[in-house]
Amino acid sequence: MPVKTIIEPFRIKSVEPIKWTTREQRENLLKAAHYNLFLLQADDVLIDLLTDSGTGAMSTYQWAAIMEGDESYAGSRSFDRFRNSIQNIVGYKHVIPTHQGRAAERILFGVTCKKGDIVPNNTHFDTTRANVEFVGAEAVDLVIAEGRQPSLNHPFKGNMDVAALEALIQRVGRERIPLVMLTVTNNSGGGQPVSMENVRQVSATCKSYGIPLYFDACRFAENSWFIKLREKGYADKTPKEIAQEMFRYGDGCTMSAKKDGMANIGGFLCTSDDLLAQQEKDLLILTEGYPTYGGLAGRDLEAIAVGIQEALEEDYLRYRIASTAYLGEHIAEAGVPIVQPPGGHAIYIDARSFLPHISSDQFPGVALAAELYLEGGIRSVEIGTLMFAGAAQMDLVRLAIPRRVYTQSHIDYVVEVILEVFKNRKGIRGMSLIYQAPFLRHFTAHLSPVI
Ligand SMILES: Cc1ncc(COP(=O)(O)O)c(C=O)c1O
């Protein structure tokens, strides 16, 4: 009989202790952090599922490559390895390194967008939306209707509504849309994948109007794995072949290498347009650094060059997607409402259904995230009304799984804590907002439980 258990496809060579706190300590820590988990000290967190961004464990091959980092200011060998490795997957002519994804976004929108423009996306991530809005353009989310219904099962809930895209272009005119973006996987919409068929249709629509298509490619490898598993005609293709095909339908991408780059820092921006690349590199020099390092050390470039290839390994992706689903399935079985089906990098609890007695203006996601910390020292993040204000389509609590960091017993503990909170959910109170910054308010907001 073949063995069915999917194990972590690695051995642990270096360990990092995590610290227990008492419930009483956590009550005080939470109050001091104004009920905003971003404001906690990481040392006071037992299991940190705040984000999968930059929190992964690097491989021995990445650490070895780091020692080869060429720290030359210009023309570094490490940049050549970085560019070649990325080009091998994305195929675009220019690879512009940035310190992380949002820097790539700022440069892209800074060069291509102006006040009054519109940028359609399946769902903009918070930094993407903020960077679009920062240049005076409007960020429009066009995910398919199924993508807005948390409990509905659909294999590609990250797909863009192609008819809505077409209607938008017709309504506002092609001149106001400098580019269209597809976020793979769709982080703010539950980590849900986009199908190749949808990529092809969006690409064809964009081409018919002469609008460039960009990928927000943070989790391109996880998206490729979902296509392999769920889309007809892709079962025998490698994740790399699938990724290469996807990128061929587009004109460029932004990337946070802190996700499927398997690195702790870094990002990049790609295009095949020489003129655009020149403008982007000029801006890069002004704010990030010379085009052969772009705000990164040579050793970071090396870690990404190796990591982005490791993210496409089948054993890794099989474990990655199965272990995320393990968490989702175990809490869903007990009745916890989650975005279905489980996403690639995270499980999203539907806080509106979990806490139906708390209205959106009292931030059910923030209330639930605070409770998970109080109960078991677990840090998660609200993706909802605090993060997106009026643009929030759902109130979710995201449990993001860092890559290659936690084992199954850590996840079993998380399941137990969530089920305990679920049992006592009627006693959880909503939150009121005490302080907010002018943009990206969720990072620094102060809240307090409603009396
Ligand atoms: C879909 C998506 N786009 C962009 C970003 C921004 O990347 P970074 O945090 O590296 O700036 C993130 C980060 O979480 C993301 O998930």
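# Close-up views of a predicted model

**View 1. Strand 6 and its two covered faces.** Strand 6 (residues 213-216) is covered on both faces: Leu213 and Phe215 on one side, and Tyr214 and Asp216 on the other, are all buried. In a regular strand, side chains alternate between the two faces of the sheet. The model shown in this and every other view is predicted.

**View 2. The neighbours of strand 6.** Strand 5 (residues 180-183) and strand 6 run parallel and are joined by 4 bridges. Across this pairing, Thr183 stands opposite Asp216 in strand 6. Strand 6 also pairs with strand 7 (residues 252-256), again in the parallel sense, over 3 bridges. Here the bridge partner of Asp216 is Thr254 of strand 7. Together, strand 5, helix 7 and strand 6 make a right-handed β-α-β unit.

View 3. Glu197 and Arg200 form a salt bridge in which the closest N and O atoms are 2.8 Å apart. Glu197 is partly exposed, because its relative accessible area is 37%. Arg200 likewise counts as partly exposed, because its relative accessibility is 29%.

**View 4. The largest nonpolar core.** This core has 57 residues, of which Val180, Val202, Phe215, Phe220, Phe247, Cys253 and Phe268 touch the most other members. Residues up to four places away in sequence are set aside in describing the surroundings of Phe268, which touches Phe82, Ile86, Val95, Ile96, Pro97, Thr98, Ala104, Cys253, Thr254, Met255 and Ile308. Apart from this core lies another, of 45 residues, with Ile47, Ile349, Ala369 and Leu386 among them. Phe215, Phe220 and Phe247 also belong, with Tyr92, to one aromatic cluster.

**View 5. Gln100, a buried loop residue.** Gln100 is placed in the loop between strand 2 (94-98) and helix 4 (101-112). Gln100 counts as buried because its relative accessibility is 14%, and buried means under 20%. Leaving aside neighbours within four places in sequence, Gln100 is in contact with Met255, Lys258, Ile265, Gly266 and Gly267.

**View 6. Thr21, ahead of helix 1.** Thr21 is found in the segment before helix 1 (23-32). With a relative accessibility of 13%, Thr21 counts as buried. When neighbours within four places in sequence are left aside, the contacts of Thr21 are Arg26, Leu29 and Asp44.

View 7. The salt bridge between Asp141 and Arg129 has its closest N and O atoms 3.2 Å apart. Asp141 lies in strand 4 (residues 138-141) and Arg129 in helix 5 (residues 126-134), so the pair ties together parts that are 12 residues apart in sequence. Both Asp141 and Arg129 are buried.

**View 8. A salt bridge between two helices.** The side chains of Lys228 and Glu314 meet in a salt bridge, with an N to O distance of 3.8 Å. Lys228 lies in helix 8 (residues 220-230) and Glu314 in helix 12 (residues 314-333), so the pair ties together parts that are 86 residues apart in sequence. Lys228 counts as buried at 12% relative accessibility, whereas Glu314 counts as partly exposed at 27%.

**View 9. A network of charged residues.** Salt bridges link Asp52, Arg219, Glu222, Asp260, Arg320 and Arg403 in a network. The count for the model comes to 27 salt bridges.

View 10. Tyr73 and Tyr293 form an edge-to-face aromatic pair, with 5.0 Å from centre to centre and 70° between the planes. Tyr73 lies in the loop between helix 2 (60-66) and helix 3 (77-90), and Tyr293 in the loop between helix 10 (274-287) and helix 11 (298-310), so the pair ties together parts that are 220 residues apart in sequence. Tyr73 is exposed, with a relative accessible area of 55%, whereas Tyr293 is buried, with a relative accessible area of 18%.

Technical notes:
Residues are numbered from 1 along each chain as its sequence is written. This is a predicted model: local features need pLDDT of at least 70, side-chain atom pairs count only at pLDDT 80 or more; totals for chains, interfaces and linings use all residues. Side-chain values use heavy atoms; hydrogens and water are left out. A nonpolar core is a set of buried Ala, Val, Leu, Ile, Met, Phe, Trp, Tyr and Cys residues joined through side-chain atoms within 4.5 Å. Buried means under 20% relative accessible area, exposed over 50%, partly exposed in between (1.4 Å probe, protein chains only). Contact means heavy atoms within 4.5 Å. A salt bridge is a side-chain nitrogen of Lys or Arg within 4 Å of a carboxyl oxygen of Asp or Glu. Two strands pair if DSSP finds at least two bridges between them. A crossover is right-handed if, with the strands pointing away from the viewer, the path from the first strand over the helix to the second runs clockwise. Rings of Phe, Tyr and Trp (its six-membered ring) pair if their centres lie within 6.5 Å; planes under 30 degrees apart count as stacked, over 60 as edge-to-face and the rest as tilted.
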